[in-house]
Amino acid sequence: MRALTWHGKQDVRVEDVPDPAIVNPHDAVVRVTSTAICGSDLHLYNGFIPAMKPGDVLGHEFMGEIIEVGPECRTLVPGDRVLVICGISCGRCWFCQHDLWSACDNTNPASSARAVELAYGHAGAALFGYSHLFGGYAGGQAEYVRVPFADVGCVKIPVELGDEQVLFLGDIVPTGWMAAENCGITGEDTIAVFGCGPVGQMAIRSALVLGAARVIAIDAVPDRLLMAEASGATVIDEGAGDVARQLDLLTGGRGPDACIDAVGLEAHGEGAVGLYDKVKQTLGMQTDRPTALRTAIMACRKGGTISIPGVYGGFVDKFPIGAAFGKGLTFKMGQTHFHRYARRLLPYVENGAMDPSFVITHRVSLADLPDAYRMFNEKRDGCIKVVARP
Amino acid sequence: MNNDQIRMRTEGINVPRIERLISIGAGTLALVLGVRARSLPGVLLAAAGGALVARGVTGRCPYTRWRALGGGIELHRSILIQAPRHEVYAVWRDLPGLTRFLERFEAIEVADEKTSHWVAAVGPVKLHWLAQITDEQPGRFLAWEALPGGDVRHEGSIELSEYPDHRSTMLTVELRFHPPAELVLAPFAGLVRALTDHQLAADLIRLRQFIETGEIATGASRPAPPAEERADEETTGNFAQAGV
């Protein structure tokens, strides 16, 4: 089959790879009808994630049709139309049972789980197409995918809904939703969203649905700010001056009640500290650039909350823990517990309350994906979200 | 307890002062002679001399420490499993079935009620021994030891208990073993311990995965071909690649 494979920094190619098959009893094989490029795929594209091997198939946002099921698959049959959740969870371990699906004990193979244990203390769930630290599972930017624990990970989709309406329920809709939920939103709250990529856009809409009094969206790219404004956010253009000052003015000096960092480790930095981050990163002495996070911490009101869906991997320098302590901030973060939300949010799409397809700006074929990655990475051509039909 | 003894306990200093001076003296001599010899035996002499000097300067001798502990390598790990005690015990007690989880073990054959034959592979080296169950309380405790004459002397036990969260079973594994060529490997005891501890940790993860879900996680896209067909791979040439 044809698949999008990784071959090094900023080198992805579409090539022929063996078709997947049933390996374990709870598996299913899915024929992909729609798949997307995620912002976190760019971390792979730009070489920030270790444990990648040439030939690895990328992609974790995908949906399609079941074509084969393993002997222990109980709720699915060939022909079922399903959305596949981007994280792989078993449903039976202590963590899955406690609704902490991305902390699943049993989907990361022992060798990669041990590597993560040595780095982080404990290993969580595996992901599709996200390096051998997360299980080395082939991803969904392909014609077919092997889906482990398919009963847990596949959401059946009614025929009335188009692919584009539901595709993002497998990743970025739950991510934006959980990021907003983690803010503990009340009707009095002003929420600041740093980063208006697809996750930021979903977080903005989720915060408004959850009842926020106002959402302030921050970015440097005009197309992204326009999209945020269309969703109902007040926008801050980074290009128009110091973000912290603008936030200060808009909140009467109090600061936002909660800040969502939807930027993560590849933040753009400026000034002396930005240069410091870049130099340290180039020398391999710092793995992540926490620019947005620092600004959020400084800007957030006393006693407020910092919610972090943006991916971080290693260590950051100059982390203002003193400011965070001094102001009594709460931090909520982590890999989204996708399974907690995917099925719960489907009714919002079914009854029209939510249509996540608004973020899509480009529709391509599998063969176009390498060019699409470059465009998405450079934020060219108004690119916000790319969907491919293999 | 005097200051010296306190230092020895808290800082890991286990070489007495006089011995440290002798060690530095003898080590320096060996180092100088070894370097001047300019030959392979000279290199080894210099290395031994260097080790003696280090031992004298730091006051810490890993070999002394290891001997004081009775030699051997000790492993101790616990893991929580979402299954009742008796179920976990039954899986462990099925000795031949353990090869599914214990990556380095090629075969485990039951000879009689208490005795089994074990074969482990470390790279090209195969290790054989007979093990005997020394104590058994079904659902709670199992202890065994290797019989003399085998390649690896060891003793081990597992204990199963109810974890305070009222839902998990805690499996605790204790192993003490003496690797073959123990005297040669003694300076590397720390490394051997780290590698075998890592192996045990990975094996226990596989065990938990199997008990909780009925499968062992793998990222492969296709099943691995069976051994016979793998041998035919070169001749047939059209067998799909195992795993991506």
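This is a predicted model: local features need pLDDT of at least 70, side-chain atom pairs count only at pLDDT 80 or more; totals for chains, interfaces and linings use all residues.
Hi everyone, and thanks for coming.

Let's begin with chain A. Its fold has 14 helices and 18 strands. Along the principal axes, the C-alpha atoms of chain A fill a box of roughly 60 × 50 × 45 Å. How does the radius of gyration of chain A sit with that of a compact globule? A compact globule of 390 residues would come out near 21 Å, and chain A has 20 Å, so the two agree. Of those 390 residues, 58% are buried. The contacts in chain A tell us about sequence separation too: if we take pairs at least 6 apart in sequence, 71% of the contacts join residues at least 24 apart.

Now to the interface. Chain B brings 25 residues to the contact, and chain A brings 34. Together the two chains bury about 2,500 Å², and carbon and sulfur atoms give 51% of that area.

What about specific pairs? The rule picks out 16 residue pairs in polar contact across the interface, with both residues at pLDDT 80 or more. Which part of chain B gives the largest share of its side? That would be helix H7 of chain B, residues 189-213, with 9 residues. By class, the chain B side is made up of 8 nonpolar, 9 polar and 8 charged residues.

There is also 1 salt bridge between the chains. Arg208(B) pairs with Asp105(A), and their closest N and O atoms are 3.6 Å apart. Do have a look at that pair in the viewer, and I'm happy to take questions.

How values were computed:
Residues are numbered from 1 along each chain as its sequence is written. Chains are lettered from A and ligands numbered from 1 in the order in which they are written. Side-chain values use heavy atoms; hydrogens and water are left out. Contact means heavy atoms within 4.5 Å. Buried area is the accessible area (1.4 Å probe) that two parts lose on being put together, summed over both. A salt bridge is a side-chain nitrogen of Lys or Arg within 4 Å of a carboxyl oxygen of Asp or Glu. A polar contact is a pair of N or O atoms within 3.5 Å; within protein, one must be able to donate a hydrogen and the other to accept it, and residues adjacent in sequence count only if both atoms are side-chain atoms. Helices (H or I, at least four residues) and strands (E, at least two) are DSSP runs, numbered from the N terminus. Ala, Val, Leu, Ile, Met, Phe, Trp, Tyr, Cys and Pro count as nonpolar, Asp, Glu, Lys and Arg as charged, and the others, Gly among them, as polar. The radius of gyration is taken over C-alpha atoms; the globule rule is 2.2 Å times the number of residues to the power 0.38. Buried means under 20% relative accessible area, exposed over 50%, partly exposed in between (1.4 Å probe, protein chains only).
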